[in-house]
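The following note sets out comments on the model shown below.

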Amino acid sequence: MAGPPPFRYILDTNQFSRQDLDFFLRQAEKLEEQRREDIFGMLEGKILASLFFESSTRTRLSFETAMLRLGGQVITTVGFQFSSISKGETLYDTMKMVEAYSDIAVIRHPVEGSSRIAAAAVSIPVINAGDGTGQHPTQALLDLYTIFRERGSPDGLRIAFIGDLKFGRTIHSLIHLLQHYNVEMIFISPLDLALPESYKKSLRKQNVSFEETEDMKEMWDCDVAYVTRIQEERFVDKNEFDRLKNSYSINRAFVQASRRNTLIMHPLPRVSELSTDVDDLPNAAYFRQAGYGVTVRMTLLLLCLGNFPEGQS
Ligand code: CP
């Protein structure tokens with residue numbers, strides 16, 4: 001059975017209502033409970049075009065794994081240099097070819113708005129896998145699923161967002177989803193990496209409770225801490241990056257001082273902001289979080305292609 005219209009294209013977290021998110025979480029949970037052999041074949045005969053014009057490990061590999069686990073197949077292009085875009089072909093023309101060769105496309109691109117341009121060019125479903133400083137909606141859905149799996153409904157939780165709140169597209173995307181829940185948000189960052197005003201304006205409009213601080217210790221009173229690296233690739237001035245790059249770091253002793261057994265999340269990759277000595281703490285969820293990416297992306301592929309089996313909704 002096909003999912004509701006918001007799951008035809010996945011371009012922006014603003015496209016989802018609370019009802020859509022509840023539906024999505026239920027579908028993902030049910031899919032995760034199924035045996036691998038029962039899932040295999042659900043997308044037999046379908047082809048995913050995996051178009052990654054910007055670097056990725058988790059998003060690309062988990063989308064491709066998701067398609068293969070469902071019995072579908074994958075065609076892929078990685079980087080502009082191995083695509084005819086390097087010879088001057090437009091994204092529009094590229095997408096016309098993708099439409100001819102595949103049933104669904106996932107695209108990561110360094111320019112904000114590219115996935116919308118790609119989707120407008122074709123009649124197959126298109127999924128935004130991160131577009132520059134814009135959105136990363138499938139990461140936000142897997143982050144929401146992680147909170148749901150590890151701590152239950154986000155309602156009533158106090159959630160800290162830590163790090164590069166200025167450029168971090170995963171944070172910008174997740175904030176949009178969490179506006180549908182009764183959460184308290186704490187934004188912890190150096191002043192120069194604070195959350196842009198447009199997001200705060202949107203939160204105020206939705207009556208979402210939030211605080212801003214530079215004090216990392218505020219995470220000790222949070223149920224979830226969502227840590228991010230400084231997005232070096234988004235800085236125009238590299239001296240500015242060098243000035244800020246070591247401005248925060250979280251280690252095991254700091255996490256263990258939490259008064260709420262704070263769940264530690266991170267979209268990954270990490271660099272120096274989260275020490276490896278945190279990894280084996282039970283509340284360090286980031287590798288499990290990346291693992292949930294396969295379930296979440298299987299769910300999205302099934303919904304976008306209208307291939308959820310009867311009785312799933
Ligand atoms: N979290 C995330 O988007 O990771 P990748 O850049 O490796 O895909």
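**Comments on the model**

1. The lining of the largest pocket comprises 3 nonpolar, 10 polar and 7 charged residues. In this classification Ala, Val, Leu, Ile, Met, Phe, Trp, Tyr, Cys and Pro are nonpolar, Asp, Glu, Lys and Arg are charged, and the others, Gly among them, are polar. The structure is a predicted model, in which local features need pLDDT of at least 70 and side-chain atom pairs count only at pLDDT 80 or more, while totals for chains, interfaces and linings use all residues. Residues are numbered from 1 along each chain as its sequence is written, and side-chain values use heavy atoms, with hydrogens and water left out.

2. The space in the largest pocket is about 370 Å³. A pocket here is an open set of points on a 1 Å grid over the protein atoms alone, where a 1.4 Å probe fits, with protein on both sides within 12 Å along at least five of seven lines; lining residues have an atom within 4 Å of a point. Of the 20 lining residues, Arg108, Arg169, Arg229, Leu268 and Pro269 are the closest to the pocket centre. Helices α3 (58–69) and α7 each supply at least two residues of this lining. Helices (H or I, at least four residues) and strands (E, at least two) are DSSP runs, numbered from the N terminus.

3. Leu268 and Pro269 are joined by a cis peptide bond, with omega about 5°. Pro269 is placed in the loop between β9 and α11 (286–304), and Leu268 lies in the loop between β9 and α11 as well. Phi of Leu268 is positive, near 65°, in a residue other than glycine. Is Leu268 buried or exposed? Leu268 is buried, at a relative accessible area of 12%; buried means under 20%, exposed over 50% and partly exposed in between, for a 1.4 Å probe and protein chains only.

4. Asn261 also has a positive phi, about 50°, although it is not a glycine. Asn261 sits in the loop between α10 (252–256) and β9 and is partly exposed, with a relative accessible area of 48%.

5. Strand β9 belongs to an open sheet of 5 strands in the order β7-β6-β5-β8-β9, with parallel pairing; two strands pair if DSSP finds at least two bridges between them. The edge strands, each pairing on one side only, are β7 (209–213) and β9 (263–265). Neighbouring strands of this sheet are turned by 20° against each other on average, direction ignored. Axes are lines fitted to C-alpha atoms, for helices over the stretch in contact, and angles run from 0 to 180 degrees between N-to-C directions. Strand β8 (residues 224–227) runs parallel to β9 and is joined to it by 3 bridges; the bridge partner of Ala225 in β9 is Ile264.

6. Helix α7 (residues 169–178) packs on this sheet and touches β5 (158–162), β6 (184–188) and β8, its direction making about 160° with that of β5; contact means heavy atoms within 4.5 Å. Helix α8 (residues 197–205) also packs on the sheet, where it touches β6 and β7, and its direction makes about 150° with that of β7.

7. A further open sheet has 4 strands in the order β2-β1-β3-β4, with parallel pairing. Its edge strands are β2 (73–78) and β4 (126–131), each pairing on one side only. Neighbouring strands of this sheet are turned by 10° on average, direction ignored. Strand β1 (residues 47–52) is joined to β2 by 6 bridges, the two running parallel, and Phe52 has Val78 as its bridge partner in β2.

Notes:
Grid points are joined across faces, edges and corners, and a volume is the space filled by probe spheres set on the points.
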